[in-house]
Amino acid sequence: MSHYHPTREEEKAIHEELASQELGHEHHVHVTPYWPMLAVFVTLVIMTVVTVLTAKFIDLPGTGNLLLAMVIACFKGTLVFAYFMHLRYDKLLNTVVVAASVFAVVLFIGFSMLDLKARAAFNHEYEAGEITTGGMNRVVANANEIAREKALEHGHHGDEHGEHGDHADEHGDDAHTDGDHGADHGQDDDH
Amino acid sequence: MTHVSTSTEDLKPHERYVPASHWRNAYDEADGAKLGMWLFLSTEILLFAGFFCAYAVFRMLYPGVWADASHYYLDWRIGGFNTLVLLLSSFTVVLAIRGAQTNRPAMTNINLIITIICALVFLVLKLGWEYYPKWVHDELPGGNFAYHSHSILEAGGYVPGSHDNIFLSIYWIATGTHGVHVLIGAFLLTWCLWLNMKGFYGPKHYTSLENVGLYWHIVDIIWIFLFPLLYLV
């Protein structure tokens with residue numbers, strides 16, 4: 001049983017045949033127009049000049065300059081997306097992909113900003129004594145406290161074997177000379 | 001059926017292009033490739049979103065330092081000129097694609113060459129007039145940053161902020177990553193130029209040219225945002 005392999009010419013003919021059958025000649029590619037693209041390019045240059053001038057010579061209060069610059073940049077970016085990158089003439093699916101990505105960026109930066117603002121409020125109240133640490137913070141703080149106490153005890157009462165009983169016996173001299181080492185084991189014992 | 005020619009040897013590469021066998025036709029193949037490119041470009045947007053987020057966070061934490069450092073360390077004229085260079089290169093990429101669509105290879109060639117020159121101008125300005133002087137003055141990211149007394153004198157009494165190194169870290173990482181993209185884009189455009197010279201692009205087939213063009217445009221868009229954020233406001 002031998003398989004039939006079409007030559008490249010035959011394959012091309014088959015493809016063209018299928019293409020003409022299934023889609024006819026409706027799907028001709030959109031040719032990039034010249035004048036609209038030139039107009040977009042000129043607009044982009046003008047907006048670049050505008051963004052420089054507004055940033056240099058207009059002093060808006062607060063974050064006004066930043067917002068204005070970002071509005072202009074978004075306008076320029078949209079022009080590039082829609083015209084230079086053909087999204088306006090393309091299938092909607094490509095636009096959906098970009099929109100999803102931009103949406104993710106907005107979430108990412110937006111929630112980071114919200115988080116930062118909320119954190120500032122939290123820190124302020126924390127410093128004013130209105131909020132106390134809880135949850136894992138407390139556990140961590142306690143563990144550190146215990147570790148510090150153990151280390152101090154080892155440092156001050158290095159010769160008193162009786163106080164730390166088994167612990168000191170197990171580790172011999174190490175437990176006395178190495179404060180951190182002893183502290184680690186102290187924590188383990190507590191757990 | 002009159003389209004079965006006896007030989008395809010006398011046709012140009014783009015004229016005898018046959019799509020892979022799992023596609024219905026070349027149009028669908030190009031469309032699929034373009035969708036794939038858009039998916040990749042969306043990840044590029046997310047990559048730079050990390051830098052923009054870092055910028056926003058640290059600007060919010062150190063607003064005063066941010067404004068001073070931006071004006072002291074960066075020259076808006078270089079950034080502005082580079083913006084215009086990139087915009088021009090985007091326009092010429094559009095024209096290059098138009099050349100392929102209308103079967104004018106010379107138009108594609110010329111516009112690709114202009115685009116590549118623009119990419120090189122951008123990189124030369126960036127390296128020679130921004131990165132190199134900063135390198136010499138130790139205006140480097142993170143722990144490599146160091147204050148120099150002479151630069152304070154040059155600036156007419158500018159006292160460096162205690163967080164200038166954070167601004168410069170973000171500047172270096174964001175523009176550096178962008179610069180690498182420009183460099184890669186220049187190589188890709190050169191590849192496209194080579195393919196076009198061999199006759200691979202025509203009205204029915206210019207997929208890789210279009211996708212490289214899309215990549216080049218996204219590099220332009222990222223600069224459109226980086227320029228005002230770092231140099232102006």
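A salt bridge is a side-chain nitrogen of Lys or Arg within 4 Å of a carboxyl oxygen of Asp or Glu. The legends below refer to a predicted model.

**View 1. Salt bridges between chain B and chain A.** The count between these two chains is two salt bridges. One of the residue pairs that form a salt bridge is A:Asp90 with B:Lys34, whose closest N and O atoms lie 2.8 Å apart. Across the interface of chain B and chain A, eight residue pairs are found in polar contact, both residues being at pLDDT 80 or more.

**View 2. The side of chain B that touches chain A.** Three helices of chain B, α1 (26-61), α3 (76-101) and α7 (207-232), each supply at least two residues of this side. The largest share, 20 residues, comes from α1(B). By class, the side comprises 40 nonpolar, 13 polar and 10 charged residues.

**View 3. Extent of the interface.** In the model, 63 residues of chain B are in contact with 58 residues of chain A. The area buried between chain B and chain A is about 5300 Å², and carbon and sulfur atoms give 76% of that area.

**View 4. Helix α3 of chain B and the residue beyond its end.** The 26 residues of α3(B) should span 38 Å at 1.5 Å a residue, and the end C-alpha atoms are 38 Å apart, which agrees. Of these 26 residues, 21 are buried, so α3(B) is largely enclosed by the rest of the structure; buried here means under 20% relative accessible area. Just after α3(B), B:Asn103 takes a positive phi of about 60 degrees.

Terms used: Residues are numbered from 1 along each chain as its sequence is written. Chains are lettered from A and ligands numbered from 1 in the order in which they are written. This is a predicted model: local features need pLDDT of at least 70, side-chain atom pairs count only at pLDDT 80 or more; totals for chains, interfaces and linings use all residues. Side-chain values use heavy atoms; hydrogens and water are left out. Contact means heavy atoms within 4.5 Å. Buried area is the accessible area (1.4 Å probe) that two parts lose on being put together, summed over both. A polar contact is a pair of N or O atoms within 3.5 Å; within protein, one must be able to donate a hydrogen and the other to accept it, and residues adjacent in sequence count only if both atoms are side-chain atoms. Helices (H or I, at least four residues) and strands (E, at least two) are DSSP runs, numbered from the N terminus. Ala, Val, Leu, Ile, Met, Phe, Trp, Tyr, Cys and Pro count as nonpolar, Asp, Glu, Lys and Arg as charged, and the others, Gly among them, as polar. The expected span of a helix is 1.5 Å times one less than its number of residues. Buried means under 20% relative accessible area, exposed over 50%, partly exposed in between (1.4 Å probe, protein chains only).
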